[in-house]
Amino acid sequence: MNEPVPVLRAVDGGTAKLMPDIDRERAWLLTVDGAPQSYVDLDDPAHLEFEYARRLAHVVDAAADEGAPLDVVHLGGGALTLPRYVAATRPGSRQEVVEADLGLVALVAEHLPVPDGSGITVHGADARAWLRDAPARSADLVVGDVFGGSRVPAHLTSVEYAREVERVLRPGGAYAANLADGAPFAFLRSQLATLAAVFGELALIAEPAVLRGRRFGNVVLVASHTPPDTARLARRAAADAFPARVEHGEALARLAGDAAVVRDADAVPSPEPPGGAFGIG
């Protein structure tokens, strides 16, 4: 049997590398210009290696009764880690994945194809442009996981963007955004203020060390009009191999403070991570 070998390819966003995991037979790490993007185990799609992916999965798990299918829009595709998880844990789900990097879409389709009948459809398009044309009230869950390199693009941080997300969600649906920031949390605070201007309920999942400002890292922000099941989220986050905390209500209002709502005219990307924060050699 041939040993899997790394795959190196130029894609729109830089140089993509698929590296096999020597400990798991059909598992792969995807990096772009050294920044980790996705980890996929083709034999066990419910295995999630990255902390942020596990936290997004907590949101998926709490979104409906166990095993019930969902209609999910994923903005940002990478190697389709979370769509594969949803397909495995919620059979019959319909999922639309929007990935702007056409070279990356082709690489993943060639080397890490999704099984036939998975219910996953991949669209090579800009996330916001695709969202603008999507049917209203068509999704139970919208996941925002778009990074240009290691930064969230500016046009996916504004209140106008948040209103497009809200339009696509069904009543009772939720938006889950993977964001990255560090103290003093200017970007995170701006996103809390922006989403609070559109949605009535917010919750945040993050590692305590990140929330205390000890290191730069990922946070998952959940926005909806109906109260999220924070108790269920908190149980899953606390019991995880990478324990995290769930904050909501007054704690998030205090964190947002007097941060201004972001509009298209003044939107900026998320901050550049400090050297070595996310890189892999």
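Start with the crossing of α1 and α2: in this predicted model, α1 passes α2 in a right-handed crossing. To see it, select residues 51-62 for α1 and residues 81-89 for α2. The two helix axes come within 10 Å and cross at roughly 35°.

Now show the side chains where these helices touch. On the α1 side, pick Ala 53, Leu 56, Ala 57, Val 60 and Asp 61. They meet Leu 82, Tyr 85 and Val 86 on α2. Color the contact by class and you'll get seven nonpolar residues, one charged residue and no polar ones. Asp 61 is the charged one, because Asp counts as charged.

Next stop: the loop between β3 (27-32) and β4 (35-41), where you'll find Asp 33. Check its backbone: phi is positive, about 50°, even though Asp 33 is not a glycine. Most residues other than glycine have a negative phi. Is Asp 33 buried or exposed? Its relative accessibility is 55%, so Asp 33 counts as exposed, the cut-off being over 50%.

Last, jump to the loop between β9 (169-181) and α6 (186-196) and select Pro 184. Most peptide bonds are trans.

Stay in that loop and click on Phe 185. Here's another positive phi on a residue that is not a glycine, this time about 65°. How much relative accessible area does Phe 185 have? The value is 8%, so Phe 185 is buried, a label that applies under 20%.

Definitions and conventions. Residues numbered from 1 in each chain as written. Predicted model: local features only at pLDDT ≥ 70, side-chain atom pairs only at ≥ 80, totals over all residues. Heavy atoms only, no water. Axes fitted to C-alpha atoms, helices over the stretch in contact; angles between N-to-C directions. Helix = DSSP H or I, 4+ residues; strand = E, 2+ residues; numbered from the N terminus. Left-handed = near helix turned anticlockwise from the far one by under 90°. Contact = heavy atoms within 4.5 Å. Buried < 20%, exposed > 50% of the residue type's maximum accessible area, 1.4 Å probe, protein only.
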